[in-house]
Amino acid sequence: MTAVAASIEQVRSRIANAAQEAGRDPAEVQLLLAVKRVESARIREALTAGATLIGQNRAQELVATEPDLVDVPHETHFIGHLQSNKVNQVMRWADCVQSVDSAKIAQRLDRAAATRGRDLDVFVQVNTSGEETKAGVPPENAGELAAVVGSLEHLHLRGLMTIGANSPDPGEVSASYTALAQVRDAVVGSGEPGTSEAHELSMGMSGDLELAIAAGATMVRVGTGVFGAR
């Protein structure tokens with residue numbers, strides 16, 4: 001077993017243990033590998049070891065690595081801040097965009113999807129910690145943005161995404177994840193077209209995935225825990 005494969009197994013074990021501690025089925029939580037600054041060969045190694053989901057933070061890295069991986073079954077999510085001038089690049093290679101944080105970017109994605117004759121899965125990114133350094137719509141505006149996304153013909157709203165609070169206090173980190181779950185419940189129950197299936201919660205990373213799973217995460221984004229510091 002390679003080092004990457006062993007690390008994936010360790011992370012899967014953490015996910016399973018955290019889910020069981022929370023009284024949840026481990027199968028409810030997907031592992032997405034955050035592959036920022038990871039070369040194609042190591043991504044391929046992870047996919048060969050059984051990983052199926054990868055997340056790219058940068059459009060240029062997405063464009064550089066995806067052509068090398070077309071023969072390996074996987075699903076690619078774009079998880080970084082998306083600039084308008086990168087929409088077409090991302091649209092070519094991404095199966096899902098998790099970082100929709102404005103009506104403008106949602107509408108750009110919808111037009112690009114229409115041009116390509118496809119639909120696109122998306123998440124609305126919410127800044128639940130209120131930190132100025134983080135992207136995402138404020139929680140109080142998330143419902144409005146979700147309704148916009150839900151109304152667009154070529155976008156499918158799968159759920160919400162957040163980056164946990166940057167704090168040594170587990171309670172504060174947990175609160176940022178619980179807040180996203182509450183926003184999700186409000187979105188799903190809003191009755192707005194296109195929002196009723198937005199059940200997924202993408203939250204939690206290498207250092208705090210247990211807290212995210214306890215709060216209801218359905219997808220955790222792990223990079224360092226598998227590939228090491230980069």
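Which elements make a right-handed β-α-β unit with β1 and β2? Select helix α2 (residues 40–48): β1, α2 and β2 form that unit. Right-handed means that, with the strands pointing away from the viewer, the path from the first strand over the helix to the second runs clockwise. Helices (H or I, at least four residues) and strands (E, at least two) are DSSP runs, numbered from the N terminus.

This is a predicted model, in which local features need pLDDT of at least 70, side-chain atom pairs count only at pLDDT 80 or more, and totals for chains, interfaces and linings use all residues. Residues are numbered from 1 along each chain as its sequence is written, and side-chain values use heavy atoms, with hydrogens and water left out.

Next, select strand β1 (residues 30–34), which runs parallel to β2 and is joined to it by 3 bridges; strands count as paired if DSSP finds at least two bridges between them. Leu32 lies opposite Leu53 of β2.

Move to β2 (residues 53–56). Leu53 and Gly55 on one side, and Ile54 and Gln56 on the other, are all buried (under 20% relative accessible area; exposed is over 50%, partly exposed in between; 1.4 Å probe, protein chains only).

Thr76 in β3 is the bridge partner of Ile54. From β2 the chain reaches β3 through helix α3 (residues 59–65), in a right-handed β-α-β crossover.

Finish at helix α1 (residues 3–21). Its buried residues include Val4, Ile8, Val11 and Ile15. On the other side of α1, Ala3, Gln10, Gln20 and Glu21 are exposed. After α1 comes Gly23, with a positive phi near 70°.
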